[in-house]
Amino acid sequence: MRMRTPSQTGWRARPDVSLLIITALLTVIGFLMILSASAPAAQVQLADSMFFFKKQVIWGALGIVALAVGMALPLDRIRSYSKPALLVTGVLMLSVHLPHVGMTVYGATRWIKLGPITLQPSELAKLALVLFVSDFLARHPERGWKLVREHRQILLPVAGTLGLVLFQPDLGTTLVCALVCYVLFWLNGTALWRMGLITVVGVTAVLAHSLTTPYQRLRWLAFMDPWKYPKDIGFQLIQSLLAIGSGGVFGTGWGQGKQKLFYLPIQHADFIFAVLAEELGLLGSVALIALFLLFAQRGFAIAKRSQNPFHQMLVIGLTTIICAQAFVNIGVVSAALPTTGIPLPFLSAGGTSLCITLFSVGIILNVSRQSQVRLRLLKQGESA
């Protein structure tokens with residue numbers, strides 16, 4: 001008797017419902033916090049308190065479409081885009097430095113202005129890099145590497161991409177991308193001596209950049225003692241700590257925060273967690289962190305269930321980069337890490353970040369659905 005496939009029996013695999021719910025909760029929290037954090041500044045600057053909120057909702061709608069596309073695209077087709085995606089991303093990151101194309105905000109040139117739309121190529125670089133590294137490592141187990149050829153094929157594109165991100169300058173995104181690549185190399189079974197060499201090179205590069213770049217040195221000074229520089233380099237971090245401390249256990253209430261009233265800079269973007277901590281308190285902050293931990297748990301569980309090496313690497317990479325961003329951002333805002341410009345996924349205002357993050361979640365859900373199909377086929381085989 002011929003065994004029928006799940007599609008022939010009318011059964012349809014569902015994506016991981018828990019991850020979908022967590023994503024929905026984080027996205028809704030993001031909308032609410034952007035409305036609260038940005039309304040006063042938007043009213044004064046643009047005479048429209050809903051400006052940033054409406055903009056984020058539009059990007060959120062596009063992000064939902066991106067999530068659906070990530071779930072629907074065949075994973076083999078997504079894999080085939082790994083090299084072109086990295087190449088296109090590299091071209092876009094170079095183009096931000098062209099006159100009348102790139103935008104410079106707060107001393108960083110990270111954006112491309114296309115009429116009313118602003119794109120941030122470094123957000124695309126995160127996805128492209130994870131896709132490229134996952135594809136390569138799935139095809140080249142560590143024991144099959146040839147010292148020159150394979151190292152050149154993987155390390156040069158990775159180093160080039162990280163260099164372009166760092167040159168914008170964007171040390172935070174560079175470090176997060178490097179961390180994800182490091183995790184994937186380690187999971188692939190890369191020899192300890194090679195991991196050690198990569199570590200030494202990476203740490204040396206970061207220290208050299210931090211010590212030779214004036215604005216990075218200032219950030220280190222502000223991190224070590226912000227109260228010593230209360231009116232200049234320490235101002236933002238002090239206001240962030242005041243916001244977090246003012247929230248107490250239960251918070252001041254949604255929309256009732258004071259630090260967002262022209263005290264805390266970039267309150268609806270990189271420092272939105274400070275607004276959340278003030279208005280929702282310790283309980284709200286812990287709940288948000290718990291949601292990201294649950295997101296990580298579901299992502300790694302999906303990777304564990306999959307038997308496809310590429311799918312496993314891809315899901316681990318995407319899960320790691322989303323959660324690493326979240327905890328680096330929270331660490332920066334709470335003065336546990338030196339200040340660096342990196343958004344809080346799902347919450348910080350930024351259309352490119354939200355769309356790419358939701359598209360990444362769509363890919364993870366796509367893998368979870370494929371894993372369910374495989375398990376269903378195995379159960380049918382056992383019962384036949």
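Predicted model: local features only at pLDDT ≥ 70, side-chain atom pairs only at ≥ 80, totals over all residues.
User: How is the packing of two helices read, and at what angle do α1 and α11 cross?

Analyst: Helices are DSSP runs (H or I, at least four residues), numbered from the N terminus, as are strands (E, at least two). Axes are lines fitted to C-alpha atoms, for helices over the stretch in contact, and angles run from 0 to 180 degrees between N-to-C directions. Here, helix α1 (residues 17-46) and helix α11 (residues 272-305) have axes that come within 10 Å and cross at roughly 155°. Angles under 35 degrees count as roughly parallel, over 145 as roughly antiparallel, 65 to 115 as roughly perpendicular and the rest as oblique. α1 and α11 are therefore roughly antiparallel to each other.

User: Which hand does the crossing of α1 and α11 have, and which residues meet there?

Analyst: A crossing is left-handed if the near helix is turned anticlockwise from the far one by less than a right angle, and right-handed if clockwise. For α1 and α11 the crossing is left-handed. Contact means heavy atoms within 4.5 Å. The α1 residues that meet α11 include Leu19, Ile22, Leu26 and Met33, and among their α11 counterparts are Leu276, Leu280, Phe292 and Arg298. Sorted by class, this contact of α1 with α11 has 18 nonpolar, three polar and two charged residues. In that scheme Ala, Val, Leu, Ile, Met, Phe, Trp, Tyr, Cys and Pro count as nonpolar, Asp, Glu, Lys and Arg as charged, and the others, Gly among them, as polar.

User: How does α11 pack against α12?

Analyst: The axes of α11 and helix α12 (residues 309-333) are 10 Å apart, and the packing angle is about 165°. That makes α11 roughly antiparallel to α12. The crossing of α11 with α12 is left-handed. On the α11 side the contact includes Phe292, Phe295 and Ala303, and on the α12 side it includes Ile316, Cys323 and Phe327. The residues of this contact of α11 with α12 comprise 18 nonpolar, five polar and one charged.

User: Which hand does the crossing of α7 and α12 have?

Analyst: That crossing of α7 and α12 is right-handed. Their axes are 9 Å apart and the angle is about 145°. Among the residues in contact are Val176, Val180 and Leu184 of α7, with Ile316, Thr320 and Ala324 of α12. The contact of α7 with α12 has twelve nonpolar, three polar and no charged residues.

User: How is burial judged, and is Thr173 buried or exposed?

Analyst: Buried means under 20% relative accessible area, exposed over 50%, and partly exposed in between (1.4 Å probe, protein chains only). Thr173 lies in helix α7 (residues 171-187) and, at 1% relative accessibility, counts as buried. Leaving aside residues up to four places away in sequence, Thr173 touches Ser122, Lys126, Val165 and Ile342.

User: Which side chain forms a polar contact with that of Thr173?

Analyst: A polar contact is a pair of N or O atoms within 3.5 Å; within protein, one must be able to donate a hydrogen and the other to accept it, and residues adjacent in sequence count only if both atoms are side-chain atoms. The side chain of Thr173 is joined to that of Asp170 by a polar contact of 2.8 Å.

User: Where is Gln168, and is Gln168 buried or exposed?

Analyst: Gln168 is in the loop between α6 (149-166) and α7. With a relative accessible area of 2%, Gln168 is buried. Beyond residues up to four places away in sequence, the residues touched by Gln168 include Met93, His97, Arg110 and Ser122.

Terms used:
Residues numbered from 1 in each chain as written. Heavy atoms only, no water.
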